[in-house]
Amino acid sequence: MASLKDATAIVGIGQTAFAKQLPEDEKTLACRAIVAALDDAGIAPSEVDAFASYTMEETDEVEVAKAIGAGDVTFFSKVGYGGGGSCATIAHLAAAVATGQANVGIAWRSRKRGSGPRPWKNTAVQLPTPGQWTRPFGLLRPADEIGMLARRYMHEYGATRDHLFNVALACRNRANQNPAAMMYERPLTREMYMSSRWISEPLCLFDNCLETDGALACVIVSAERARDCRQKPVYIHSVAQGLPAQHHGMVNYWNDDPLTGPAWTAARHLWKQADFAPQDVDVAQIYDAFTPLIPLSLEGYGFCGRGEGGAFTEGGALESGGRLPINTGGGGLSEAYVHGFNLINEGVKQLRGTSTAQVPDAATCLVTAGEGVPTSAVLLRAP
Amino acid sequence: MADATTEPLLSPTIDTDGAPFWEYAAQGELRIQACTACGELRWPPRPCCPHCQSFDSEWRRMSGRGRIWSYVRPHPPLLPAYAADAPYNAIIVELAEAPRIRLVGNLVAAPDAPLNSVDPDRLRIGAKVQVAFTDVNGIAMPRWLLERP
């Protein structure tokens, strides 16, 4: 059986500015990020023959391919479940390139959420779905849905708001080192966190990600081709998607064990295919639409035992120099919320040695997609 | 901008799988879909039993008693009809006779009382609750009352 292990690499990354409001539209921002990523790789747009995206992306591959001047495209995929699909784009392109279906793949995300519509404004369109069993009762927004899991998690395992603050602070501290981050010049204190307004109790303002305008992209080629590219390759070591048995969208309340979410399913496959284990991960980029997703993911990906995710955040463990530095660009909580794609590019920067919060000699990085929804993850490795 | 007086609370979209739930609700009964072949309950309703793949189902009457499994208190920004009562509560109830069946709902002081009618200090995981039904937009919606008000 063919293995995807280190068969492909990310050789180019690109991004636009991040802001509450950018003047250009999503399509233009997407094209800017993709062209920048190709330039970073030193690959001509006419060589691109594969695209992968994930849902809630408004610009489709037809528009992007035409605009940037791609060649004939022989592979394209779009993964469902919004933020759960970020790393799956890397997985699909790695598979396509490794099996010869394409040579140069582009994954991207473009978003105008800072200046665009609020997701809960669209709540009515979800009523013909299982949303009919949640939305009418006022569970309107993702924050409300994750708040339910967070409350139960805190009740079962003694996790506290201080643990959630540790997550928000680690992300903010890294953003304070990253001039491109939305929260670059805005430090966070415990007092600010504890006195901020509620969004959905037990989640407060700082437990929620940022609404952001911006776009990112990356370029994937075979490991062989990667040797001739402009940048040091970052190998795609292991990939996985996760949709657990009896899972339900973002409201994982209806299966037997709601606190072991999609991360657990993705993790089993991810580690089975890898040459290293959680204790060998130098730096992690963990999807942080909401702070409770971090302790849940730490457990799911095997960095600690079940119920230990809150305690894991203590003692600066998630900070630079800690046991597991996370979200070193600032993450969705403090760099930009672009459905997790900034986490992928930040992982690449760490393994190139060019992060604004560089972990010394980082050689392995875990990147995850949204926990709570059908998810995906990728292990990156330096040469 | 729309306001709470013109925009009602959201109503469920009643589909084929879920229709019996609402028909029984209109009679004041809480019923959950069960497999006729193997007897397993399932929620939300769907065409096929995930345990034995039978397509035959029935709707089993529940006592209507349960416990709060989790809860949140949403604050604005929210849709107008919900913002009007915010912060309100949304709860998950695990049913007394089938704890793995969990329903999203609201804890209220009386069946037709607003979603913010219970003192937030009374919200507690494990609190025992009892179902009641109230008419919202012509649909009998389940609401939950504390067993010891």
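Which residue forms a salt bridge with A:Asp275, and how far apart are the closest N and O atoms? The first legend has the answer.

**View 1. A:Asp275 and A:Lys5 form a salt bridge.** Keep in mind that this is a predicted model, where local features need pLDDT of at least 70, side-chain atom pairs count only at pLDDT 80 or more, and totals for chains, interfaces and linings use all residues. Residues are numbered from 1 along each chain as its sequence is written, chains are lettered from A and ligands numbered from 1 in the order in which they are written, and side-chain values use heavy atoms, with hydrogens and water left out. The closest N and O atoms of A:Asp275 and A:Lys5 are 2.6 Å apart; the rule for a salt bridge asks for a side-chain nitrogen of Lys or Arg within 4 Å of a carboxyl oxygen of Asp or Glu. A:Asp275 sits in the loop between helix H8 (262-272) and strand S9 (283-285) of chain A, while A:Lys5 sits in the segment before strand S1 (8-15), so this pair ties together parts that are 270 residues apart in sequence. Helices (H or I, at least four residues) and strands (E, at least two) are DSSP runs, numbered from the N terminus. Over all chains, the whole structure has 22 salt bridges.

**View 2. Here chain B meets chain A, with 39 residues from chain B and 36 residues from chain A in the contact.** Contact here means heavy atoms within 4.5 Å. Together the two chains bury about 3500 Å², 62% of it on carbon and sulfur atoms. B:Trp69, B:Arg102 and B:Val104 supply 18% of the area that chain B buries against chain A, more than any other three residues. Buried area is the accessible area (1.4 Å probe) that two parts lose on being put together, summed over both.

**View 3. B:Arg73 reaches A:Glu201 through a salt bridge between their side chains.** The N to O distance is 2.8 Å, and the rule finds two salt bridges across this interface. Which element gives the most residues to the side of chain B that touches chain A? That's S3(B), with six residues. By class, this side of chain B has 26 nonpolar, seven polar and six charged residues. Here Ala, Val, Leu, Ile, Met, Phe, Trp, Tyr, Cys and Pro count as nonpolar, Asp, Glu, Lys and Arg as charged, and the others, Gly among them, as polar.

**View 4. Strand S5 (residues 198-201) of chain A runs antiparallel to S3(B).** Two bridges join these strands, and DSSP has to find at least two bridges between two strands for them to pair. Look for A:Glu201, which stands opposite B:Arg73 in S3(B).

**View 5. A:Tyr81 has a positive phi, near 75°.** A:Tyr81 lies in the loop between strand S3 (75-79) and helix H3 (86-98) of chain A. Why point that out? Most residues other than glycine have a negative phi.
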